[in-house]
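The following note sets out several points on the strand pairing, the salt bridges and the surface of the structure shown here.

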Amino acid sequence: MGKYQLIYFNVRGRGEAIRTLLKDNGIDYEEINCGNNWQKEWKPQMQFGQTPALRDNDFLLVQSNAILRHLARKHGLYGDTEEEAALIDMINDGVEDLRSKYVNLIYRNYENGKDEYIADLPNQLQPFEKLLSSNGADRSGCCVGTKRSFADYNLSDLLDVHVVLAPKCLEDFPTLKAYYQQYLARPGILEYRETEAFKQRPINGNGKQ
């Protein structure tokens, strides 16, 4: 198997969960910044005209969640049973529901909607607190079972951007807080977050966070 290529802009955005999955599991990859010649060179190559994209030898895949699932199937990050895989999918879909609301805030309604969004955030986080508590995620660091899955990287990234938006948002959710702290303490994540690439990369393309 050749080295993966992750093709994306120089922002965290939809690419960050993919990056952290690759970094934390020691999976070799090359990152290509497509921002310099996006319209002429890169966009025409993309199935839906968007990134991130993952090149796996001759196979080019777009859509961030399709990429996460592809990597999960290849690298043992999709649970141990069909039931676990279904729960992982369920949690990841819940992550995407909240991420869509976050993206709408950041790109369409930041100035007028930020206070209302933060006020409602506990209602959005409560289902994750309940789900993860039922699995003992505060101890295992895993949202399903006892092995990390692709949904863990997507959920952890979602928590990460919300802690930046509302630094105290996890204070009333002890399981989510412990789960997030375990994520930050993972050696692969610690090492990645100390890199200049991570520190200098903006969270979103418009600079709002």
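1. Strand E1 is joined to strand E3 (residues 53-56) by three bridges, and the two run antiparallel. Within this pairing, Gln 5 stands opposite Arg 55 in E3. Two strands are taken to pair if DSSP finds at least two bridges between them; helices (H or I, at least four residues) and strands (E, at least two) are DSSP runs, numbered from the N terminus.

2. The model is predicted, with local features requiring pLDDT of at least 70 and side-chain atom pairs counted only at pLDDT 80 or more, while totals for chains, interfaces and linings use all residues. Residues are numbered from 1 along each chain as its sequence is written, and side-chain values use heavy atoms, with hydrogens and water left out.

3. E1 spans residues 4-8 and is mostly covered, four of its five residues being buried. Buried denotes under 20% relative accessible area, exposed over 50%, and partly exposed the range in between (1.4 Å probe, protein chains only). E1 is also joined to strand E2 (residues 29-33), by five bridges and in parallel; Tyr 8 has Asn 33 of E2 as its bridge partner.

4. Together with helix H1 (residues 16-24), E1 and E2 make a right-handed β-α-β unit. Right-handed here means that, with the strands pointing away from the viewer, the path from the first strand over the helix to the second runs clockwise.

5. The structure holds 16 salt bridges, each defined as a side-chain nitrogen of Lys or Arg within 4 Å of a carboxyl oxygen of Asp or Glu. One of them joins the side chains of Asp 160 and Arg 12, at 3.6 Å from N to O. This pair links distant parts of the chain, as Asp 160 is in helix H7 (residues 150-165) and Arg 12 in the loop between E1 and H1, 148 residues apart. Both Asp 160 and Arg 12 are buried.

6. What does Arg 14 form with Glu 96? The two form a salt bridge, their closest N and O atoms being 2.4 Å apart. Arg 14 lies in the loop between E1 and H1 and Glu 96 in helix H4 (residues 82-108), so this pair ties together parts that are 82 residues apart in sequence. Arg 14 counts as partly exposed because its relative accessibility is 28%, whereas Glu 96, at 14%, is buried.

7. Glu 96 also forms a salt bridge with Arg 99, with the closest N and O atoms 3.6 Å apart. Both residues lie in H4, three residues apart, or about one turn of the helix. Arg 99 is buried, with a relative accessible area of 5%. Arg 14, Glu 96, Arg 99 and Asp 157 are linked in a network of salt bridges.

8. On the surface, Leu 87, Met 90 and Leu 131 form a nonpolar patch with about 240 Å² of accessible area together. Patches comprise residues with over 30% relative accessible area and no salt bridge, like charges being joined within 9 Å and nonpolar side chains (Val, Leu, Ile, Met, Phe, Trp, Tyr) within 5 Å; areas come from the Shrake-Rupley method with a 1.4 Å probe, and for residues only the protein chains shown count as cover. Leu 87 lies in helix H4 and is partly exposed, at 40% relative accessible area.
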